[in-house]
Amino acid sequence: MKIYYNLENLCCDSAVALGYFDGLHLGHQKVISKAAKYKKYGLTPVVFTFSENPKCILKHTDEKRIYSQDKKERKIKNLGVEILYIVDFLSVYNLSPQKFVEEILLKKLGAKLLTCGFNYHFGKGGKADANDLKNIAEKYSIKTEIIKPVLYEEEPISSTRIRNALSSNNVNSVKNMLGI
């Protein structure tokens, strides 16, 4: 797997999974695996993520990582990803949703297909959501697949739930939500 830490131009058509993917829980795995499945249609599987949690940057907080960066990269590779972009959030956070899709996803990454979670937000101020992404991308003939929440004990799996389970020493719940 090739890793880029800046916005290098990709010279192939791609299927791009979007998200921060802290912890790579079962929901994250579904988003990434969905993009990776498009390799059979000639699209290069790509993950576009950030070096730091966007929420922490915007809210000036700190959050303990579930996985180290190295482990996160290994897990992403094992899901069939060929190219991983780990960029500085501040390099794109001021882009409008339209510009993010046009300048980054289309022109830089050659996206033909996007996958994201149901709760994905992007663009300046995080004001655009997954449905906005789908509508904007459609204008550029980019297909978008929004992945529904993956449930554990009848509630959506999230990194916050995993952190809470870790702090409560609920190892079984953590393992089940991470799929390990």
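A residue counts as buried under 20% relative accessible area, as exposed over 50%, and as partly exposed in between. The exercises below concern a predicted model.

**Exercise 1.** Determine whether Arg65 is buried, partly exposed or exposed, and describe its salt bridge.

*Solution.* Arg65 has a relative accessible area of 30%, so the residue is partly exposed. The side chain of Arg65 meets that of Glu52 in a salt bridge, at 3.4 Å from N to O. This pair links distant parts of the chain: Glu52 is in the loop between β3 (44-50) and α2 (54-59), and Arg65 is in the loop between α2 and α3 (69-78), 13 residues apart. Glu52, at 43% relative accessibility, is also classed as partly exposed.

**Exercise 2.** Identify the salt-bridge partners of Glu145 and state which residues form one network.

*Solution.* One partner is Lys34, at 3.3 Å from N to O. Because Glu145 lies in strand β8 (residues 143-147) and Lys34 in helix α1, this pair ties together parts that are 111 residues apart in sequence. Another partner is Lys143, with the closest N and O atoms 3.4 Å apart. Salt bridges with shared partners therefore join Lys34, Lys143 and Glu145 into one network. As for accessibility, Glu145 is buried at 14%, whereas Lys34 is partly exposed at 31% and Lys143 is partly exposed at 47%.

**Exercise 3.** Decide whether the radius of gyration agrees with that of a compact globule.

*Solution.* For 180 residues, a compact globule would have a radius of gyration near 16 Å. The protein has 16 Å, which agrees. Of its 180 residues, 47% count as buried.

Conventions
Residues are numbered from 1 along each chain as its sequence is written. This is a predicted model: local features need pLDDT of at least 70, side-chain atom pairs count only at pLDDT 80 or more; totals for chains, interfaces and linings use all residues. Side-chain values use heavy atoms; hydrogens and water are left out. The radius of gyration is taken over C-alpha atoms; the globule rule is 2.2 Å times the number of residues to the power 0.38. Buried means under 20% relative accessible area, exposed over 50%, partly exposed in between (1.4 Å probe, protein chains only). A salt bridge is a side-chain nitrogen of Lys or Arg within 4 Å of a carboxyl oxygen of Asp or Glu. Helices (H or I, at least four residues) and strands (E, at least two) are DSSP runs, numbered from the N terminus.
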